[in-house]
Amino acid sequence: MRFISAILFIAILGFVVVAGFTPRAFAQDEPVVGPKPPVVVKPMESHIGNLTGHAAAAKSDYRRYCAGCHGDYGDANGENAVWLDPKPRDFTIATFKCRSTLTGTLPTDEDLFNTIGRGLDNSNMPIWNTFSKQQRADLVAYIKIFSPRWEHEKAGTPITIPAEPAVTIESISHGQALFAKLECWKCHGTHGEGDGPSASTLTDSKDNPIRPYNFSAGGNDSRFKCGSTNQDIYKIFMTGVDGTPMPSFADVIQPNDAWDLVHFLRTLQVHRHGKENEVLAAAHGVIPPYVEKKTSDLAPAAPADNKSTGGGQ
Amino acid sequence: MRTKQMLPALLTLLVCSSLMFAGTVSGKVTYTGTPAHQKPIDMSKEPTCAKQHATPIVTETVVTGANNALDNVVVYVSSGAPDDGQVPTQAITYTQKGCQYIPHVLAMHVDQEFDIVNDDQTSHNIHPLPKVNIEWNKSQPPGTAPIKEKYDKPEFIEVKCNIHPWMHGYFAVLKTSHYDVSKDGGDFKLPNLPPGKYTITAWHEKYGTQTADVTITGNETKEQNFTFKATPY
């Protein structure tokens, strides 16, 4: 009897030791089964004017209105995502198209707030104007839970946009010269129809084919992906559309030259009734060739031996 | 005054100690099998670049040399030599010339500043595609200032120019100062390694990574070769 209980004791002890030391090794080999763990809603906030958004308050709105495309985990793997082109934003990498901040930086809360309210033209992201401002602010806070970048980094500083000068045939002409010089036409085409020589080869940062913006499509109310005002166009090419082939030109275009480019781009929207097309019509639809007046359109090259300059705006 | 007197002695000590205790790992990177055929690049859409090449250049995904040598392999100490946090101050440059990236693979230390230069008569957009570091995308027309950048996390980052889709390169951002990129027939050299046990990793953009353990006991040169299995696709 004693002998048996001794064996039993050793067996139990052995089991406890084995069970105590091995489960980690086993666990690594076992496939992960069952549902993914629930999303941890971190206490993120957003600040837009006097509004403060709280992530926790947007939980049900996100599940009901956003997760279908952007996914429960913000990874752009919602059940509708496979059917969409362009693909929904992946919040886990925190790269955003519509920013007032420089390329590679996080957008401001206001940028994201405006994106939700405005929707993204030429995509499946609708205009969420049914939401209250508080709901939108809460959703801005909610999408911050998906990337650790929001915990370690501050949003970029919005670029400074000088007051818009008057539209003249000269500003349009200079803008056209910049359009040629900066080789915007390589992708957007000479007439802005999205048919430049590189257009057919473009892919976004996830290797999905993507089309350059066609300025000539659309009517009087045609919008850009990131807005519809002249200030919005200014921001789009200065800060770039991150995650897409559209680069930032903030380092290479002087602020006032940028306005001239905006005025020319408006004339590519041939069906739009606006100041720019009126000025062009008054000039009988002919843009005169640009006569160089300024010493340089582009930021000067830094001397090779001077490391402290360069990359400036 | 005192410092001046001590300087020669200190220098001698420094030189001696580095001579006595610095080992080197050097070797050759080769391949077995059949590497992918590199295709000629059609640059006719960019005449200013096309005319810089007497004969069309080919893609650089796999660059080989005589005796099965494999170039553009990043060889670095991946463990055994804790990073001292010293960021090299030497200037390194990634040049766009003839619609090509020179070098094809630019190795650098985490936080090391590097210049991106456009030597062409056409605009490029520099669009590195990091997964760990932060993505940005900048236009660089001809004659504009070099773009200064750095990355704060180790990663192999694919670089492309969306305007010229054949342009393709890599940044190798490493958390060690012991690295080299195999060149001129697959040769690499990792000098100034104090005695110790090291893991050396070799990374190729198409054929993946390989590792080897090397022990340095003193002032010696250890040979460590790497052989990648090449696949035609």
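How many residues of domain 1 of chain B are in contact with how many residues of domain 2 of chain B? In this predicted model, 10 residues of domain 1 of chain B meet 11 residues of domain 2 of chain B in such contacts. On the domain 1 side of that boundary, the contribution from strand β4 of chain B, which runs over residues 74-79, is the greatest, amounting to 3 residues. Sorted by class, the residues that domain 1 of chain B presents to domain 2 of chain B comprise 7 nonpolar, 1 polar and 2 charged.

**Domain layout of chain B**

**Overall fold of chain B**

- The secondary structure of chain B consists of 19 strands and 2 helices, and the C-alpha trace of chain B spans about 65 × 50 × 35 Å along its principal axes.
- Chain B has 233 residues, of which 37% count as buried.

**Interface between chains A and B**

- Between the two chains, 31 residues of chain A are in contact with 23 residues of chain B.
- The side of chain A that touches chain B is made up, by class, of 13 polar, 12 nonpolar and 6 charged residues.

Conventions
Residues are numbered from 1 along each chain as its sequence is written. Chains are lettered from A and ligands numbered from 1 in the order in which they are written. This is a predicted model: local features need pLDDT of at least 70, side-chain atom pairs count only at pLDDT 80 or more; totals for chains, interfaces and linings use all residues. Two residues are in contact if their C-beta atoms, placed from the backbone, lie within 7 Å. Ala, Val, Leu, Ile, Met, Phe, Trp, Tyr, Cys and Pro count as nonpolar, Asp, Glu, Lys and Arg as charged, and the others, Gly among them, as polar. Helices (H or I, at least four residues) and strands (E, at least two) are DSSP runs, numbered from the N terminus. A residue is buried if 20 or more other C-beta atoms lie within 10 Å of its own, exposed if 12 or fewer, and partly exposed in between; C-beta atoms are placed from the backbone.
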